[in-house]
Amino acid sequence: MATLLLAEHDNSALNGVTAKALSAAAALGGPVHILVAGQNAKGVADAAAKLSGVEKVLLADDALYAHRLAEPLAALIVALAPGYDAIVGPSTAVAKNVLPRVAALLDVMQVSDITKVVAPDTFERPIYAGNAIQTVKSSDAKKVITVRTASFGAIGEGGSATVEAIPAVADPGVSTFVEETIAASDRPELTAAKIIVSGGRALGSREKFAELIEPLADVLGAAVGASRAAVDAGYAPNDWQVGQTGKVVAPELYIALGISGAIQHLAGMKDSKVIVAVNKDEEAPIFQVADYGLVGDINTVIPELKAELAKAKG
Amino acid sequence: MKILVPVKRVVDYNVKVRVKSDGSGVELANVKMSMNPFDEIAVEEALRLKEAGKATEVIAVSIGPAQASETLRTALAMGADRGILVKVDGVVEPLAVAKILKGVVGEEAPGLVILGKQAIDDDCNQTGQMLAALLGWPQGTFASKVVVEDGGVAVTREIDGGLQTVKLNGPAIVTTDLRLNEPRYASLPNIMKAKKKPIAEKTPADYGVDVAPRLTVLSTAEPAGRKAGVKVGSVAELVAKLKDEAGVI
């Protein structure tokens, strides 16, 4: 039987993590159907249909799914579940919210945040902030899985799946959407960025963070990340947090500035291809994972780095 | 309104865990254990709601070995009114925990259950959502703000790219994110007082729950290591290496 993959999107564009989660879904062996649940999301479904190897795209287009609240979305997925062996989603806020609800309704123990498909019923997943990797075998007839997308490559385009409209399922009627504040940004998304410039507690203030980190990111066309300490101190917004309980990223280049490198932060970025660390404390643990370390004061290093990078990029 | 707060005993967040050499798991002997940090935030939120007159009683529940009673005592020392220990040895997966909690909810009839969004040992991030599913209740996960209103609760959630506020009707599940509050420390007098607060003992069988795991752990391994690289002497050298050696800019 087939695998159902929950698409991540904002009603207008398909999020790139979907193509990465598709790698994991495809590795399960069965045909893959993608579910796009949203409002006015036909464009998203068309984009999903172009992903290579997708057999079918299901489009549930209804106001009920405009913000992908867990209660109605879980009801929809559970209604579709009899046709599938596995239900898969990327480890995004939406899927992390809804899929455990789906799993419990199906009496399935979800396998969270897999980093490798060993066999259709056997997976690797990190535990203890990535300090150990568990290989687990699921005995449930149906699998419910979230995918750590930083661990999988994106499937490219080249497909031409059919898009099938499916009806909404009755709203359990226990929750309503009130409001959403999404920061508009021209920078790439953290989980999709090739380069991430990340700042820590050493920045000292929200103003310094904005003055030093953000322009450097813009020279590189990079996304901006932050350590938990910087977010807790109010220097950067919540959704910039990289780490065990924030975003897990694996860009080509991760530049950690004034970040000491707590275990919980390393858990979120140590799979990056190249790591650069700048810290004035030469004993900082971040240097143990950095390919290139520079001991120095970020207040002087960052402007210099920005100038040199601008020069190097011509 | 009663508030139920499940708390989990986990390896302290400052401990760097070691994988056992035979690959059977991680070393837990003689390791410092504490309350899961997200659960401390859950206890704190429940206490603040009680202090604001929105709740009448805060009940902490822990599912785990006999030593989990220490975790309950921590919650009681923070200010929870009483505890329930559902004693079980070995691993209890989130699905089984949710089933047991459903039984506890059936007996206690709380208006709100506040849980940590994930435990820092298995990093599953499932229990709250599963409990909501089993009860047919709405869920406000990854909460950064909780406002109890007439007939329900408004929860502001940390989502990708920003914040989302949802209104949940009737009894509801909330799971906590880091920025919801800063948990209090228990004072010495409160630690002493907590010793006299009641803890009821239960077993999974009391709730008719089979805790047999659905996932078999085949092995536990060290993650692929990452070696420290080189220290560079200047920004110019760094940029040259990024360009010529690493080829990433």
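In the predicted model, A:Phe177 has B:Val166 as its bridge partner in strand 9 of chain B, strands being DSSP runs of E of at least two residues, and helices runs of H or I of at least four residues, both numbered from the N terminus. Residues are numbered from 1 along each chain as its sequence is written, with chains lettered from A and ligands numbered from 1 in the order of writing. Because the model is predicted, local features need pLDDT of at least 70 and side-chain atom pairs count only at pLDDT 80 or more, whereas totals for chains, interfaces and linings use all residues, and side-chain values use heavy atoms, with hydrogens and water left out.

A further sheet also includes strands of both chains: six strands form an open sheet with parallel pairing, in the order 13(A)-12(A)-14(A)-15(A)-16(A)-13(B). Within chain A, strand 15 (residues 274-279) and strand 16 (residues 292-295) run parallel and are joined by four bridges, and the bridge partner of A:Asn279 in strand 16 of chain A is A:Val295.

Across the interface between the chains, 86 residues of chain A are in contact with 78 residues of chain B, contact being defined as heavy atoms within 4.5 Å. The two chains bury about 6900 Å² between them, 55% of it on carbon and sulfur atoms, where buried area is the accessible area (1.4 Å probe) that two parts lose on being put together, summed over both. On the side of chain A, the residues that lose the most area to chain B are A:Met109, A:Tyr128 and A:Tyr292, together giving 12% of what that side buries.

Six salt bridges are counted between chain A and chain B, a salt bridge being a side-chain nitrogen of Lys or Arg within 4 Å of a carboxyl oxygen of Asp or Glu. In one salt bridge, the side chains of B:Lys99 and A:Asp107 meet at 2.7 Å, N to O. Over all chains the count comes to 32 salt bridges. The side chains of A:Glu164 and A:Lys56 also meet in a salt bridge, at 3.1 Å, N to O; as A:Glu164 lies in strand 10 (residues 162-165) of chain A and A:Lys56 in strand 3 (residues 54-61) of chain A, the pair ties together parts that are 108 residues apart in sequence.

Chain A itself is divided into domain 1 (2-165) and domain 2 (195-312), with bounds that come from an automatic or database domain assignment. The centres of these domains, taken over C-alpha atoms, are separated by 31 Å. Six residues of domain 1 of chain A are in contact with seven residues of domain 2 of chain A, and the area buried between the two domains is about 550 Å², of which carbon and sulfur atoms give 53%. Of the area that domain 1 buries against domain 2, A:Ala129, A:Arg148 and A:Ala150 supply 72%, more than any other three residues. Zero salt bridges are counted between domain 1 and domain 2 of chain A.

Methods: Pairing = 2+ DSSP bridges.
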